[in-house]
Amino acid sequence: MRIFLLLGAISGFLSVALGAFGSHVLKGKLNDYLLGVYHTGVTYQTTHALALVLVALLCKWYPESSVLTWAGWCFTVGTLLFSGSLYALSFTNIKALGAITPFGGVLFLAGWALLAVHAWKSVS
C-alpha cells in the first residue's frame, strides 16, 4: 500500500529531524531525564518507520492481506500515541501524558503480532 510507504518515509524523515533537534537544540534545555524520554520517542519512531516500510513492501506482494493493513495502522497509530506522548511529556513535563504511552506500546505489540500472524498464514 502506497499509504504505508508514504507514512513510513515521512515518519523516518521526522525521526531523523527530531533526533537531530534533540541532540543539538534540546541538549542544554531539558534535564537528562526528559532528554532521555525524548530520545526514547525518537528511537521508537525510527524503528516503526522502518516497520511501516516493511509493511508497504509486504502489501505489494500480498495485496489481499487485511492482516498487513491492520499491522500498518497499528504501527502508525502506535507511533502517534507512543512517541507523540513522549515528545509532549518531554516538552511539558506533565507526567499524566505518560499514561498515554502504554496504549501506543500495545499497538506496537499488536502490529508485530499481526506481522507474525501474516508470516504464519501466508509466507511459504
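**Figure 1. Overall view of the four helices.** The protein chain holds four helices and zero strands, and the model shown here is a predicted one. Followed along the sequence, the elements of the protein chain give the pattern α-α-α-α.

**Figure 2. Close-up of the contact of α1 with α3.** Two packed helices are described by the angle between their axes and the distance between the axes. For α1 and α3, the axes come within 11 Å and cross at roughly 20 degrees; because angles under 35 degrees count as roughly parallel, α1 and α3 are described as roughly parallel to each other. The crossing in which α1 passes α3 is left-handed. On the side of α1, the residues that meet α3 are I3, F4, L7, S11, L18 and F21, and their partners in α3 are L68, T69, G72, W73, T76, T79, Y87 and F91. Divided by class, this contact of α1 with α3 has nine nonpolar and five polar residues, with no charged residues.

**Figure 3. Close-up of the contact of α2 with α3.** Here the axes of α2 and α3 come within 9 Å and cross at roughly 165 degrees, an angle that makes α2 roughly antiparallel to α3, because the cut-off for that description is an angle over 145 degrees. As α2 passes α3, the crossing is left-handed. The residues of the contact of α2 with α3 divide into 18 nonpolar and nine polar, and no charged residues take part.

**Figure 4. Close-up of the contact of α2 with α4.** Helix α4, which spans residues 101-122, packs with α2 at an angle of about 30 degrees, and the two axes are 12 Å apart. That angle makes α2 roughly parallel to α4, and α2 passes α4 in a left-handed crossing. From α2, the residues Y44, H48, A51, L54, V55 and L58 meet F108, W112 and L115 of α4. By class, the residues of the contact of α2 with α4 are eight nonpolar, one polar and no charged.

**Figure 5. Close-up of the largest pocket and its lining.** Rolling a probe the size of a water molecule over the atoms shows where empty space is left. In the present model, about 210 Å³ of space lies in the largest pocket. This pocket is lined by 14 residues, of which S11, Q45, T76, T79 and L80 are the closest to its centre. Two of the helix pairs above share residues with this view: S11 of α1 and T76 and T79 of α3 are also among the residues through which α1 and α3 meet. At least two residues of the lining come from each of α1 (2-24), α2 (32-61) and α3 (66-92), and the largest share, seven residues, is supplied by α3. The lining of the largest pocket divides into eight nonpolar and six polar residues, with no charged residues.

Note on methods
Residues are numbered from 1 along each chain as its sequence is written. This is a predicted model: local features need pLDDT of at least 70, side-chain atom pairs count only at pLDDT 80 or more; totals for chains, interfaces and linings use all residues. Side-chain values use heavy atoms; hydrogens and water are left out. On a 1 Å grid over the protein atoms alone, a cavity is a set of points where a 1.4 Å probe fits but cannot get out, and a pocket is an open set with protein on both sides within 12 Å along at least five of seven lines; lining residues have an atom within 4 Å of a point. Grid points are joined across faces, edges and corners, and a volume is the space filled by probe spheres set on the points. Ala, Val, Leu, Ile, Met, Phe, Trp, Tyr, Cys and Pro count as nonpolar, Asp, Glu, Lys and Arg as charged, and the others, Gly among them, as polar. Axes are lines fitted to C-alpha atoms, for helices over the stretch in contact, and angles run from 0 to 180 degrees between N-to-C directions. Angles under 35 degrees count as roughly parallel, over 145 as roughly antiparallel, 65 to 115 as roughly perpendicular and the rest as oblique. A crossing is left-handed if the near helix is turned anticlockwise from the far one by less than a right angle, and right-handed if clockwise. Contact means heavy atoms within 4.5 Å.
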